[in-house]
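Let us learn to read a protein model, one feature at a time.

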Amino acid sequence: MQGVGFRIATVRRAEKDEVLGWVRNDPDGVVRVHAEGSDEAVESMLAFLRKGPRGAQVENVEVEDVKPEGH
């Protein structure tokens with residue numbers, strides 16, 4: 001997902017939802033997000049990621065529970 005501002009939009013949404021973590025583009029075009037926060041904050045982030053910013057075409061969102069990194 002390149003050229004639609006997905007990473008910066010995700011960072012802005014994370015700040016709004018008080019979610020900590022990271023977001024990056026992988027070489028294969030996949031956007032990866034590590035999100036830490038309250039259950040409500042993470043669910044709000046997931047709702048955003050399922051839609052994406054204007055101009056994005058989200059095909060799939062996979063969720064994996066992972067060990068917190070301590071952000």
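Q: How do I read the words buried, partly exposed and exposed?
A: Buried means under 20% relative accessible area, exposed means over 50%, and partly exposed is in between, with a 1.4 Å probe and protein chains only. Take Ala-47. Its relative accessible area is 38%, so Ala-47 is partly exposed.

Q: What kind of model is this, and how are its residues numbered?
A: This is a predicted model: local features need pLDDT of at least 70, side-chain atom pairs count only at pLDDT 80 or more, and totals for chains, interfaces and linings use all residues. Residues are numbered from 1 along each chain as its sequence is written, and side-chain values use heavy atoms, with hydrogens and water left out.

Q: How many helices and strands are in the protein chain?
A: Start with the rule. Helices (H or I, at least four residues) and strands (E, at least two) are DSSP runs, numbered from the N terminus. Here the protein chain has 2 helices and 2 strands. Their order from the N terminus is α-β-β-α.

Q: What share of the residues is buried?
A: Of the 71 residues, 25% count as buried. For the surface, accessible areas come from the Shrake-Rupley method with a 1.4 Å probe; for residues, only the protein chains shown count as cover. The protein chain exposes about 5,400 Å², and carbon and sulfur atoms supply 46% of that.

Q: What does Thr-10 touch?
A: Contact means heavy atoms within 4.5 Å. Thr-10 sits in helix α1, residues 6–17. Leaving out residues up to four places away in sequence, Thr-10 touches Val-23, Val-33, Met-45, Phe-48 and Leu-49. Thr-10 counts as buried because its relative accessibility is 2%.

Q: How many aromatic pairs does a search of the whole structure find?
A: Rings of Phe, Tyr and Trp (its six-membered ring) pair if their centres lie within 6.5 Å. Planes under 30 degrees apart count as stacked, over 60 as edge-to-face, and the rest as tilted. The search finds 1 aromatic pair. The ring centres of Phe-6 and Phe-48 are 6.3 Å apart and the planes are at 50°, so this pair is tilted. Phe-6 lies in helix α1 and Phe-48 in helix α2 (residues 39–51), so the pair ties together parts 42 residues apart in sequence.

Q: Where does Glu-18 lie, and what is its phi?
A: Glu-18 lies in the loop between α1 and β1 (20–25). Glu-18 has a positive phi of about 60°, although it is not a glycine. With 67% relative accessibility, Glu-18 counts as exposed.

Q: Is Glu-36 buried or exposed?
A: Glu-36 counts as buried, at 14% relative accessibility. Glu-36 is in strand β2, residues 31–36. Among the residues that Glu-36 touches are Glu-18, Val-42 and Pro-68.

Q: How many charged side chains are there, positive and negative?
A: Lys and Arg count as positive and Asp and Glu as negative; His and the chain ends are not counted. A charge is placed at NZ of Lys, CZ of Arg, CG of Asp or CD of Glu. The protein chain has 10 positive and 14 negative side chains. The centres of the two sets lie 7 Å apart.
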